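Morning, everyone. Please have the sequence and the structure open while I talk.

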Amino acid sequence: MNALTTRGVTLSYGHRPVLDAVDLDVRRREVLALVGPNGAGKSTLLAVLAGDVVPDEGVVELDGRPLREWRLRTMARRRAVLTQEHRISFPFPAADVVRMGRAPWRGLPEEDEDDRVVAEAMATTDVGRLAHQPFSLLSGGEKGRTSFARVLAQRTGILLLDEPTAALDIGHQEAVLARARAEAAGGAAVVVVLHDLSLAAAWSDRVALLHHGRVTAEGTPAAVFTAPLLSLVYDHPIDVLTHPATGELLVLPDRRTPLSREETA
Amino acid sequence: MTAVLPAVAVAPAVPVTDGRRRRRIALLYAGLVLGLVATTLVAGGSGQLQIPLDEILGSIAHRVGLDVGPMPTHPRGEYTLWNVRFSRIAMAVVVGASLAVAGAAMQGVFGNPLAEPSVVGISSGAAVAAGAAIVFGLRFAGDWSIPVCAFLGGLVTTLLVYALSRSDGRTEVVTLVLTGIAVNAVSSALLALLMFLGDTQARESIVFWQLGSLNGSRWSYVLVVAPLAAVGIAVALACARSLDLLALGERSARHLGVNVEALRIILIVVVALLTAAAVSFCGIVAFVGLVVPHLVRMVTGPGHRTLLIASALAGALVLICADTVARTAVAYTDLPLGMLTSLVGGPFFFWLLRRTRRTAGGWA
């Protein structure tokens, strides 16, 4: 059974269509990357998967049951969500923020593992030394990593990550995606919204390319990331190369062409 | 789920349970309880009729059935102690705890450390409804009529402020303060109208409200508002963990299993209930809900369980002290309590506003 399934999900904000008949399968043991230009509907699709936004039409199922049939607390033990914004109203220390990820497990046997899980999550995201600092005073990248630690501490089999690498340095980008990969290897279903296509190519099993609210292409990175398709979707000339030593896909803008967007605009 | 560690350096395990913080919180609780006992004894003894400490202790001992210690020597000592002072102190405890918890709960729901019942006009909204009950002689529920009206007035005002001041799941400082100005303006106009309509006696009661005072607190009044306060505080405490999660924002709180819509409605009712408990017989005592939770947060950190308990204790303590000052500072005069708290709270609010502006990098 799929971890998450959408069928015919359609959504508009006012007269602006945001998602148009999206069919998507999120499978276990797999990292699925949602990519696409700004405003293509990636974050909205993630919000629909998380149950934050109810689509105008179509169904979203979590473990085979429609989202609206789930209780919020039970759902919180099945899936965790990393949002793009990391804001907090009161100066909770970073360790307390990570511990908030354990809230859905209160009163259950898993609660006994809280300390160990929190410490482990903080260690993998390299935020151990920030434990006592107020979350609100951390840098953007530190906030992102602390929030990722909170999501890991939730110990769910489904992870929905909205730009987890935003504001992270290259080392922490790799570490975060490696951890997402490891979760998938351990049986989790991971959905990750990414802007960096080379990162998506390196760390995902499957990519879904969104364009104008539709899934334009879906498949392995090698199948989806072709120069003509990406150039069309991103409205910018794009090259797809193979790394000479590792054989990885490298997606780069083609800067030789004089027609940049500024000039055509 | 297996925890496969990727190739990152694993930092040494974090000391997640913070022993020092726990000790500090335990010390704070102990200090506040001791403070409450001490101020109760001091406040019980001071006033126009001075009662020495040993006589107070003796009187308490006799009430609980222990035949030790001296009784108050003054002929009216025993009566004054139990029917004037202690009832007033009990009222101060109820009102102080209610206001402080209402403030802390409101700050949690609004996600804004400047939210407070009197700042945003909930206290005056409740006072308008209570004033209407007096002027129009509403006695539909006996002694409970005024508290019921105050609760409904507070509830309507809280809902109004909430609907007006929020956008995208949070309340910006500017919007909150401006909403407060608007709501307070309308409330003052309505109170003025009520004074215009009412007779001399009703007018006096309304003026007394606006000033706020614990003068004339009787046990029967305490028995009316204490259950309201107890229910409100208990429900707020039950929501403490959800309030912590709400600090992450509505979306993240929901992802962690919090039913944000239900939580909001419950806490709005709680804030109205607690404000009503405070306002019904004592009028508008401003800024307690702002100053007390803020000071407590400095000691305990922002966790709501500790914050709410400590705020209730500290609010009670602050109000006993303030009320004792109000009735003893000038001989034979009972200064308005609301005036005193505003004198201290107003500048504090300003300081907090400046600080929030600085840390938030603007008025947002």
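**A sheet in chain A**

Strand S1 of chain A, residues 4–13, pairs with strand S2 of chain A, residues 16–26, in the antiparallel sense, and seven bridges join the two. Before going on, please note that this is a predicted model.

To see one of those pairings, find Thr6(A): its bridge partner in S2(A) is Leu24(A).

For anyone new to sheets, the strands in a sheet pair through backbone hydrogen bonds, and the pairing is either parallel or antiparallel.

Now the rest of this sheet. It is open, it has four strands, and in chain A their order is S2-S1-S4-S5, with antiparallel pairing. Which strands are at the edges? Those are S2 and strand S5 of chain A, residues 65–66, since each of them pairs on one side only.

At the S5 end, strand S4 of chain A, residues 57–62, pairs with S5(A) in the antiparallel sense over two bridges.

**Chain A as a whole**

Stepping back, chain A contains ten helices and twelve strands. Its C-alpha trace spans about 60 × 40 × 35 Å along the principal axes.

Is that chain compact or extended, judged by its radius of gyration? A compact globule of 265 residues would have a radius of gyration near 18 Å, and chain A has 19 Å, so chain A agrees with the compact case.

How much of chain A is buried? Of its 265 residues, 49% are buried.

Next, contacts along the sequence. Take the contacts in chain A between residues at least 6 apart in sequence: 65% of them join residues at least 24 apart.

**Where chain B touches chain A**

Last, the contact between the two chains. It takes 33 residues from chain B and 42 residues from chain A. On the chain B side, helix H9 (240–246) and helix H10 (250–255) each supply at least two residues. Which one gives the most to that side? H10(B) does, with four residues.

Sorted by class, the side of chain B that touches chain A has 19 nonpolar, ten polar and four charged residues.

That is the end of my part.

Note on methods:
Residues numbered from 1 in each chain as written. Chains lettered and ligands numbered in written order. Predicted model: local features only at pLDDT ≥ 70, side-chain atom pairs only at ≥ 80, totals over all residues. Contact = placed C-beta atoms within 7 Å. Nonpolar A, V, L, I, M, F, W, Y, C, P; charged D, E, K, R; others polar. Rg over C-alpha atoms; globule rule 2.2 N^0.38 Å. Buried ≥ 20, exposed ≤ 12 C-beta atoms within 10 Å, placed from the backbone. Pairing = 2+ DSSP bridges.
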